[in-house]
Amino acid sequence: MPKLVDHHTRWSGLEIPLSQDNPAEIGILGVPFDNAVSWRGGTRHAPERIRSLTPHLANTTEEGIPLKIRVNDYGDVEPDLNWERYFGAVEAQAAKIISSRHRLAFFLGGDHSVGIPLFKAFARNFSGPVGYIQFDSHADLADNFEGHPWSHANTARRNIEQSNLSPNHIAFVGLRSFLKEEMDYYAAHPGIGWHTARDIYRRGIETIAHEVVEQLKDVEAVYMSLDIDGIDPSCTPGTGTPEHGGPATRECLEFLRIIFAGLPIKAMDIVEVSPPLDISDITSLAALKVMYEVFGFVQTLKTT
Ligand SMILES: [Mn+2]
């Protein structure tokens, strides 16, 4: 387990020392890895960049509720040039956090390939069926991409290989860029929740969110993966494969509000934030805003 980095400005006073007896409601792990991208990298800088901005965000939710929730930040998974060994370390450290009585495990990528070991650790922690939601412009359902089964375009396809994740318990939200292979996979597995960006525009994010809650209502636990390119690049330009025509940060927040209220979400990641490609930290700040609102959702669920 990495050591807690001594940086008192992190998480705006929400952070407490690691403790087995009194774990914080939120456990955070950074996974600064960007060796699996198809085009432009830089996501390995995201965890530290996002943490560095925490002193500049108000310590309340967007509705003015003071955040009193507590955070344990476990730091980052140490770099390792051996890809297989690195993913093994990610899985092992994630498993410890997921099983550590936090109400929510929060992972900061990294490119989307890190979702493969993160979800593996998650699925293996539960005996019953689990759910997987991916807010993303891409479905990441390719079996092999650019010569590798662990690229950032393979994440959802690898996740389905976990025995307790059925295609009927997967939901994609914000889709607007496809490989033929992915369309074929969806045609063969029509139980997948498949919500395009255009669906969101035409039918409204609240309708879509309630459909996702209904789809996943019988699972034991849900993993929420937020690829920042699911949000429109007018809001989050600092990412390697931006896709126009997407929902705004506003829609993303409304979506998360509904699914956190309606589903047992036990882990979440934010991936594909690339600080070197960003403008005025707007993308890192979007990630941080989402995190603080999610902290508020977890806090509210606890106290009501
Ligand atoms: Mn994506």
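## Close-up views of a predicted model

**View 1. Two buried residues at the metal site.** His-138 and Asp-227 are both buried in this predicted model. Each of them is also a protein donor of the manganese ion. Welcome to the metal site: let's look at its other members next.

**View 2. The manganese ion and its protein donors.** Which residues hold out atoms to the manganese ion as donors? They are Asp-136, His-138, Asp-227 and Asp-229, with Asp-229 listed for two OD atoms. His-138 takes part through its ND1 atom, and the donors lie 2.2 to 2.5 Å from the ion. Along the sequence, the donor residues follow the spacing D-x1-H-x88-D-x1-D. That pattern brings together distant parts of the chain: His-138 sits in the loop between β4 (130-135) and α4 (155-159), while Asp-227 belongs to strand β7 (residues 221-227), 89 residues apart.

**View 3. Two cysteines without a bond.** A search of the whole structure turns up zero disulfides. For Cys-252, the nearest cysteine sulfur is that of Cys-235. Cys-252 has a relative accessible area of 1%, so this residue is buried.

View 4. You can find Gln-162 in the loop between α4 and β5 (170-175). Is Gln-162 buried or exposed? Its relative accessibility is 12%, so Gln-162 counts as buried. Setting aside neighbours within four places in sequence, Gln-162 is in contact with Phe-119, Lys-120, Ala-123 and Arg-124.

Note on methods. Residues are numbered from 1 along each chain as its sequence is written. This is a predicted model: local features need pLDDT of at least 70, side-chain atom pairs count only at pLDDT 80 or more; totals for chains, interfaces and linings use all residues. Side-chain values use heavy atoms; hydrogens and water are left out. A disulfide is a pair of cysteine sulfur atoms within 2.5 Å. Buried means under 20% relative accessible area, exposed over 50%, partly exposed in between (1.4 Å probe, protein chains only). Donors are N, O and S atoms within 2.8 Å of the metal (3.2 Å for Na, K and Ca); water is not among the atoms, so sites may look incomplete. Helices (H or I, at least four residues) and strands (E, at least two) are DSSP runs, numbered from the N terminus. Contact means heavy atoms within 4.5 Å.
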